[in-house]
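Thanks for coming. I will go through one structure this morning, chain by chain, and stop at a few residues on the way.

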Amino acid sequence: MRVVVLVLALLSAAPVLAQGARAELACRFTGTDFVYDCLIRLTRAGQPLGGAQVVVGADMPSMPMAHNMAPVKATPGRQSGEYEARLDLEMTGEWAIKLRLSGPVRDQLVLHYEFDEQGARPAKRKARR
Amino acid sequence: MLLDLLQNTIDGAAAGASYALLAVGFTLIFGVLRRVNLSYGPAVMIGCYAATWLHLNFQSGLIVLALAAVAGTVLAGAYVERLCFAPHRSGSAIAAMVASFALWMQFEELATLVLPRHVYAFPLLHEGAPVEFLGLSLRPDALAVLGVAAILCALLQGLLHRTRFGLAVRATIENPHAASLAGIDPGRIFVLIFALASAIGGIAGFLIVATHGQVTPMLGMWATLKGLLAMMLGGLGSLRGAIVGALVLGQIEAHSQWFLGPQWRDLVAYLLLFALLAANPSWMTRWTISRSAS
Amino acid sequence: MDDFTLGLLTNVGLFSFLALSAYLLLLAGEMSFGQQAFFGVGAYAGGILTTLYGVPLPLAALAAMGLGALAAFLVGLPTLRLKGLYFAMATLAAAEIARLLFELLHFQREIEGELAGPDGTQGFRGIRWIFEQGIEAQEFLLLTYALLALVLAALLLVERSRLGVTLRSVGEDPELAAALGVNVNRFKLGVAASAGALAALGGVLFAHHNTFIEPRNFDIMLGVHSLAYALIGGLGTALGPLLGVALDIGVLEGSRIFGGARMIVFGGLVAVLLVLRPRGLLDEALVHCITSRALQRR
């Protein structure tokens, strides 16, 4: 019954105007294989987005299903809109970082970063793998 | 224009030569066991990882690395044979194939556990610029790959046609039951063919990583796909067909990459395979390993 | 339920659609390496409809299923008469063609001041329909499993009917089935189209759960996984593929006791399992044994 109601609700639901959240990532290699301390900056409409619950997951897009990381909860950082998380990755290379937001905004963001011994930077996608 | 065409053909031949070795290994296993070994590429990858590990820890020379690649691939191949093919010899082909896929997962995980970076540099066969000749740029390492592939294929042909072992292999392919009545142990032939195919794969893998200059865990999937594709393009289960299919694949890739762009390289190859299969595969099925051997 | 468990359970549900799709074709005697293509078609079609055109998800899912069935029908038309490895390779080629076409697909429009839509190898970002509707993760999980239960009920019903008998006979002995008056080719096309629709439904849900899809999601790895799930779980009942998915994603990934060596444990387990039970855990003999016992008890 609940499902029928849910499906009906889905059919009739009007789109809610929502300004999407944006995220930026800065990571520092801790020296142990391959643990990174990451700082996540969330913004919405150019303003810092504070008070959100952020859960961080990671997947290796080039090796789907085989390599992923158990999601971790990010803790609020020093400034509003900043969150900190420690990521324990299995290997270097390109990772898809999945941020699941709840609280003032419910959303999911997927960021692609290249991780190595220096840290992380946005992945440049080549035309070919 | 003509020069481009010629250059593409040369580049394609070099790539095709390495595909040919992979396809020959694949075809040996398929021809004899009538089973697809999805772990063939990943076993080659394990061999290359063994060589990379030696390179990183002992800075071994190229000859040692090549031997390590072959030894690693043969060991991994033996493991696959014992766990996936020996138990299913008279049983389900699809169970054997799925089991070989399961070991692929193991190999990938093992590689990333031992060497956890996504990419490792591998020493090149030939450092330095390609040789310019009549406006063409020739890479000595690519020519070496071509030469090694040709020699290996000729040796293999000799082995299958001029030796008692070759006779036993061909008899087993024709009819394993009759062969066993004639005093040949098909189980032994299966194991030896598996080892031979793995050794060829190891050489192919070494040549590939030593011309590309890098190793990643993705090599496993890449080698399996290229080997399968070349084997299918050249019909199924014929050594000569596999070599032709591999050379054709190399040409298609080189020319479509140049004329249509890099995104089209694989697309054209798969379109061709699909069209060939959809059209009429009877010419493919006509070729068998024993035909080519006669 | 915490986020991890929720995500895990949802994934088990999503990949079950794909495993069931591979299972259907296995019953009809065909081994497909290409079901991931229809999963991808569903994901892209559903994502485009909800994100770029504001179509409600249920309608988008129906349309995507139709498209998945059509694509599977078109691939099946020239390939279903092929045997064994030839069919497997033809479907693999078709799936790789689909993936490479996704890489060439650039179709972006401005939505709320931001470009949205498939952008080739960069992928397709911001499939946010369920977030915009304020649908909670638990509700999405419920929806996924409700749909899965529906599909499962239909499949179990089919298996107990004449249709199910025909399906298995086509798979086991097509000549005999043809002699008994079954149009094997038309029947297999129907099975392939249904399997395509099933995979596409999984794809739509996957795209909306993940909010981001890219061509690499739909490569050969995914296809062979679904085939493996069906075979590990067993070919005796539609519950088999579900067991396969649950074993891999649920138990091994869920428990995390093996850490980084998860795939080594799983791979070895599968290989040994296939030696002991080549047609999977819940194979025909076991299912027959269970059902006949249940009947005797009555």
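This is a predicted model: local features need pLDDT of at least 70, side-chain atom pairs count only at pLDDT 80 or more; totals for chains, interfaces and linings use all residues.

Staying with chain C, what is it built from? It has 13 helices and three strands. Its C-alpha trace spans about 65 × 45 × 35 Å along the principal axes. For a chain of 298 residues, a compact globule would have a radius of gyration near 19 Å, and chain C has 19 Å, so the two agree. Of those 298 residues, 59% are buried. If we take the contacts in chain C between residues at least 6 apart in sequence, 77% of them join residues at least 24 apart. As for the surface, chain C exposes about 11,300 Å², and 66% of that comes from carbon and sulfur atoms.

Now the strands of chain C. The three strands make an open sheet with antiparallel pairing, in the order S1-S2-S3. Which strands are at the edges? They are strand S1, residues 109–111, and strand S3, residues 124–125, and each of these pairs on one side only.

Helix H2 of chain C covers residues 35–53, and C:Tyr53 is in it. How far apart are the C-alpha atoms of C:Tyr53 and C:Arg109? The separation is 9.8 Å, although the two residues are 56 residues apart along the chain. Leaving out residues up to four places away in sequence, C:Tyr53 touches C:Ile48, C:Phe107 and C:Arg109.

Next, chain A. Chain A has one helix and 10 strands. Of the 129 residues in chain A, 49% are buried. Among contacts in chain A with a separation of 6 or more, residues 24 or more positions apart account for 53%. Chain A exposes about 6,500 Å², with carbon and sulfur atoms supplying 54% of it.

One strand to look at in chain A is S7, residues 82–88. Seven bridges join S7 to strand S2 of chain A, residues 35–44, and these two run antiparallel. In that pairing, A:Asp37 has A:Arg86 in S7 as its bridge partner. S7 of chain A is also joined to strand S6, residues 75–76, by two bridges, again antiparallel. There the bridge partner of A:Pro76 is A:Tyr83 in S7. What lies between S6 and S7 of chain A? The hairpin has five residues between the strands, and A:Gly81 takes a positive phi near 85° in this hairpin.

B:Gln59 lies in the loop between helix H2 (40–58) and helix H3 (62–85) of chain B. It has 56% relative accessibility, so B:Gln59 counts as exposed. Another is C:Thr211, whose phi is about 65°. C:Thr211 sits in the loop between helix H9 (184–210) and helix H10 (220–233) of chain C. Its relative accessibility is 2%, so C:Thr211 counts as buried.

Last, one more loop residue in chain B. B:Ser39 lies between helix H1 (2–33) and H2 of chain B. Is B:Ser39 buried or exposed? Its relative accessible area is 0%, so B:Ser39 is buried. Which residues are in contact with B:Ser39, leaving aside neighbours within four places in sequence? They are B:Val80, B:Ser100, B:Leu103, B:Trp104 and B:Phe107.

That is the end of my tour.

Terms used
Residues are numbered from 1 along each chain as its sequence is written. Chains are lettered from A and ligands numbered from 1 in the order in which they are written. Side-chain values use heavy atoms; hydrogens and water are left out. Helices (H or I, at least four residues) and strands (E, at least two) are DSSP runs, numbered from the N terminus. The radius of gyration is taken over C-alpha atoms; the globule rule is 2.2 Å times the number of residues to the power 0.38. Buried means under 20% relative accessible area, exposed over 50%, partly exposed in between (1.4 Å probe, protein chains only). Contact means heavy atoms within 4.5 Å. Accessible areas come from the Shrake-Rupley method with a 1.4 Å probe; for residues, only the protein chains shown count as cover. Two strands pair if DSSP finds at least two bridges between them.
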